[in-house]
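Thanks, everyone. I'll walk through a few spots in this structure, one at a time. Please keep the viewer open as I talk.

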Amino acid sequence: IYDHLFTSGAITELGCWTHARRKFYDAKDSDAQRSATALAYIRQLYAIEEDARQLITAQKLQGPAADEVFFGLRQNKSLSALAAFKTWLEVEQPKVLPKSLIGFAIAYTLRHWQALERYTTDGFLDIDNNIAERALRQIAVGRKNWLFAGSADGARTAATLFTIASTCHRHHIDVFAYLHD
């Protein structure tokens, strides 16, 4: 759907491993063994990310120094894990029915492979887009409630307050203390 956005080269696609993982999770009932293997490979990628976060926390790093830790571990560990996973996917793909859930999961992951491995090219890129999706979930949940803001001014006020609250939450600031101040 969004492929046309990346054709000019002005925008670079970054894949989300949570989306790829969900496809394999959905296939666990129909092909438990392959699904478990794929989920283990993905779990390994997330374990490397967690190792980086622990090092960053232990060393109290921020900004570019933290990004360097992510980049270093990704180059030293994630790339080899990704290569092994891709090889496994390519070996398993001809063995499964293309329209099966596991076939769909494998095809999806291989089709998006370049975007999925792009996070390893820089330390500031995330392995998934969970942060953005969590922020958007609040909007989606409240969408029907906001239809009844009372007026255009009420809707603008609600939007402003939501923006302030979201920003405070993202920066670990007490919303009520901020508004009171």
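Start with Tyr178, which lies in helix H8, residues 175-180. Keep in mind that this is a predicted model. Is Tyr178 buried or exposed, or partly exposed? Its relative accessible area is 47%, so Tyr178 is partly exposed.

Who does Tyr178 touch? Leave aside its neighbours within four places in sequence, and Tyr178 is in contact with Ile164, Cys168 and Ile173. Take Cys168 from that list. Cys168 and Tyr178 are ten residues apart along the chain, and their C-alpha atoms are separated by 7.9 Å.

Now move to Ser78. You'll find Ser78 in helix H3. Ser78 has a relative accessible area of 0%, so Ser78 is buried. The cut-off for buried is under 20%. Which residues does Ser78 touch, not counting those up to four places away in sequence? They are Leu45, Ile48, Glu49, Leu73, Tyr119 and Thr120.

Next, the aromatic rings. How many aromatic pairs does a search of the whole structure find? The search finds seven. I'll show you two of them.

Trp17 is at 0% relative accessibility, so Trp17 counts as buried. Phe85 is at 1%, and Phe85 counts as buried as well.

Phe85 also pairs with Phe24. Here the ring centres are 6.1 Å apart and the planes are at 55 degrees, so this pair is tilted. Again, distant parts of the chain are linked: Phe24 is in helix H1, Phe85 is in helix H3, and they are 61 residues apart. Phe24 and Phe85 are both buried.

Now widen the view. Trp17, Phe24 and Phe85 belong to one aromatic cluster, together with Tyr41, Trp88 and Trp113.

Lys23 lies over the face of Tyr108, 4.6 Å from the ring centre. Lys28 lies over the face of Tyr25, at 4.7 Å from the ring centre.

Last stop: H1 and H4. Helix H4 is residues 101-111, and the axes of H1 and H4 come within 8 Å and cross at roughly 165 degrees. How do the two helices run relative to each other? H1 and H4 are therefore roughly antiparallel. The cut-off there is an angle over 145 degrees. H1 passes H4 in a left-handed crossing.

Which residues meet at this contact? From H1, they are Trp17, His19, Ala20, Lys23, Phe24 and Asp26. From H4, they are Leu101, Ile102, Phe104, Ala105, Ile106, Tyr108 and Thr109.

Stay on H4 for a moment. Its buried residues are Ile102, Gly103, Ala105, Ile106, Tyr108, Thr109 and Leu110. What do they pack against? The buried residues of H4 pack against H1, helix H2 (32-59), H3 and helix H5 (113-117).

That's my tour. Questions are welcome.

How values were computed
Residues are numbered from 1 along each chain as its sequence is written. This is a predicted model: local features need pLDDT of at least 70, side-chain atom pairs count only at pLDDT 80 or more; totals for chains, interfaces and linings use all residues. Side-chain values use heavy atoms; hydrogens and water are left out. Rings of Phe, Tyr and Trp (its six-membered ring) pair if their centres lie within 6.5 Å; planes under 30 degrees apart count as stacked, over 60 as edge-to-face and the rest as tilted. Buried means under 20% relative accessible area, exposed over 50%, partly exposed in between (1.4 Å probe, protein chains only). Helices (H or I, at least four residues) and strands (E, at least two) are DSSP runs, numbered from the N terminus. A charge sits over a ring if NZ of Lys or CZ of Arg is within 6 Å of the ring centre and within 35 degrees of the ring normal. Axes are lines fitted to C-alpha atoms, for helices over the stretch in contact, and angles run from 0 to 180 degrees between N-to-C directions. Angles under 35 degrees count as roughly parallel, over 145 as roughly antiparallel, 65 to 115 as roughly perpendicular and the rest as oblique. A crossing is left-handed if the near helix is turned anticlockwise from the far one by less than a right angle, and right-handed if clockwise. Contact means heavy atoms within 4.5 Å.
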